[in-house]
Amino acid sequence: MAQYTLRQLEYFVAVAEAGSVTAAAQSIHLSQSALSTALVELERALNVQLLLRHHARGVTLTSAGEQLLAASRRLLRQAAELADEARGLGDEVSGTLHLACFGVLAPYLLPELLAEAAERLPGLAVNTSEVDLEELVEGVASGRFEIAVGYDITSDPRVEVTSLYTLPPYVLLPRTHRLARRKKVKLAELADEPLALLDLPYSRDYFTGMFRAVGLNPTPRFRSTSAETCRALVARGLAYTVLNVRPRSSGRPDAREVVAVDIAHEAPALDVVLIKATGVRSTRRVAAVEELIGDLVDRGSIASMFGAK
């Protein structure tokens, strides 16, 4: 059996995340020589090379290192949970959970989720990251994030999803637009008008695919990685946009300047989902947050904020 230690795995994760032995040694307050020795001993114990050392350019992970990084993160979290149990803290969910959220959803979902977690799980610290869908999936698969909330817009076999609710797409128009009083609008009716495209990995393909499905090939006038920027461009009368999230209008400075109109023809909706690594047993922390999110959805505390149908 390979004789490695949890401490060695901690050092390996620190180096992988820092991208260099020097930076990792500084972050964990350890000498560079001691850290290098620990890494060599870990590789010897596992009989595999984990890192490629580049003179003056840090380190990169080998293929084996990439695989071990995800497993190391999971093992270290399980070990921390076991330590909590051993200290008699098993009756209370405690420690730190790393949760990611798709950036478009984050402003409307995270405040409610974190407020509920603070009330129901006071011993749990929830560290959040707001990322695009590509980074979100990669982060869950690599073990960087324990759980995530995003759109079901990828079929990556390394992750598994649980549906929460569905968001149909809609067109956002300036209130003064000629079609703003309509209940529904066809995308073809906007073909010659400037489009503000939400330009994020996966999202751009989803939206442009929606146009191509009805024989249109849009050329966006504006591109942004922020849904709020797209919305602001519409409020200034510069373009229209297509989105899924419908934020509550009360209190928004631009609420009176824009109108959300349903799309007349059938357009693919997006499922908001919980995302976890495939085949990984949920820790008590993850299970508790899963239950919390499920309760918020059942109560409509989250889904109603998006106008889910």
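Me: Is Val171 buried or exposed?
Reply: In this predicted model, Val171 has 0% relative accessibility, so Val171 counts as buried. Buried means under 20% relative accessible area, exposed means over 50%, and partly exposed is in between, with a 1.4 Å probe and protein chains only.

Me: Where is Val171 found?
Reply: Val171 is in strand 7, residues 170-174. Strands are DSSP runs of E with at least two residues, helices are runs of H or I with at least four, and both are numbered from the N terminus.

Me: What is Val171 in contact with?
Reply: Neighbours within four places in sequence are left aside here. The contacts of Val171 then include Val185, Leu187, Leu190, Tyr240, Thr241 and Val242. Val259, Ala260, Val261 and Ile263 are also among them. Contact means heavy atoms within 4.5 Å.

Me: And how far apart are Val171 and Leu190?
Reply: They are 19 residues apart in sequence, and C-alpha to C-alpha they are 9.7 Å apart in space.

Me: What should I know about the numbering and the model?
Reply: Residues are numbered from 1 along each chain as its sequence is written. The model is predicted, so local features need pLDDT of at least 70, side-chain atom pairs count only at pLDDT 80 or more, totals for chains, interfaces and linings use all residues, and side-chain values use heavy atoms, with hydrogens and water left out.

Me: Which residues have the most contacts inside the largest nonpolar core?
Reply: Tyr151, Val171 and Val242 do, in a core of 80 residues. Helix 9 (residues 284-299) gives the largest share of this core, 7 residues. Apart from it lies another core of 20 residues, including Ala14, Leu35, Leu50 and Leu61. A nonpolar core is a set of buried Ala, Val, Leu, Ile, Met, Phe, Trp, Tyr and Cys residues joined through side-chain atoms within 4.5 Å.

Me: What does Tyr151 touch?
Reply: Not counting residues up to four places away in sequence, Tyr151 touches Phe102, Val104, Leu105, Leu133 and Leu167, among others. Asn244, Val245, Leu270, Asp271, Val272 and Val273 are also among the residues touched by Tyr151.

Me: New topic. How many aromatic pairs are there?
Reply: The structure holds 2 aromatic pairs. One of them is Tyr206 with Phe207: the ring centres are 4.9 Å apart and the planes are at 65°, so the pair is edge-to-face. Rings of Phe, Tyr and Trp (its six-membered ring) pair if their centres lie within 6.5 Å; planes under 30 degrees apart count as stacked, over 60 as edge-to-face, and the rest as tilted.

Me: Are those two buried or exposed?
Reply: Tyr206 is buried, at 10% relative accessibility. Phe207 is buried as well, at 4%.

Me: Which residues of helix 7 are buried?
Reply: In helix 7 (residues 203-212), the buried residues are Ser203, Tyr206, Phe207, Thr208, Met210 and Phe211. The buried residues of helix 7 pack against several elements, including strand 3 (95-102), helix 6 (133-142) and strand 9 (195-198). Strand 11 (240-243), strand 12 (258-263) and strand 13 (270-277) are also among these elements.

Me: What is Ala141 in contact with?
Reply: With neighbours within four places in sequence left aside, Ala141 is in contact with Ala70, Arg74, Arg158 and Val159. Ala141 is found in helix 6 and is buried, with a relative accessible area of 13%.

Me: Which phi does Tyr202 have?
Reply: Tyr202 has a positive phi of about 75°, although Tyr202 is not a glycine. Most residues other than glycine have a negative phi. Tyr202 is in the loop between strand 9 and helix 7 and is partly exposed, with a relative accessible area of 28%.

Me: What about Asn47, where is its place?
Reply: Asn47 is in the loop between helix 3 (32-46) and strand 1 (51-53). Asn47 also has a positive phi, of about 60°. Its relative accessible area is 72%, so Asn47 is exposed.

Me: Last one. How many helices and strands does the protein chain have?
Reply: The protein chain has 9 helices and 13 strands. Of its 309 residues, 47% count as buried. The C-alpha trace spans about 70 × 50 × 30 Å along its principal axes.
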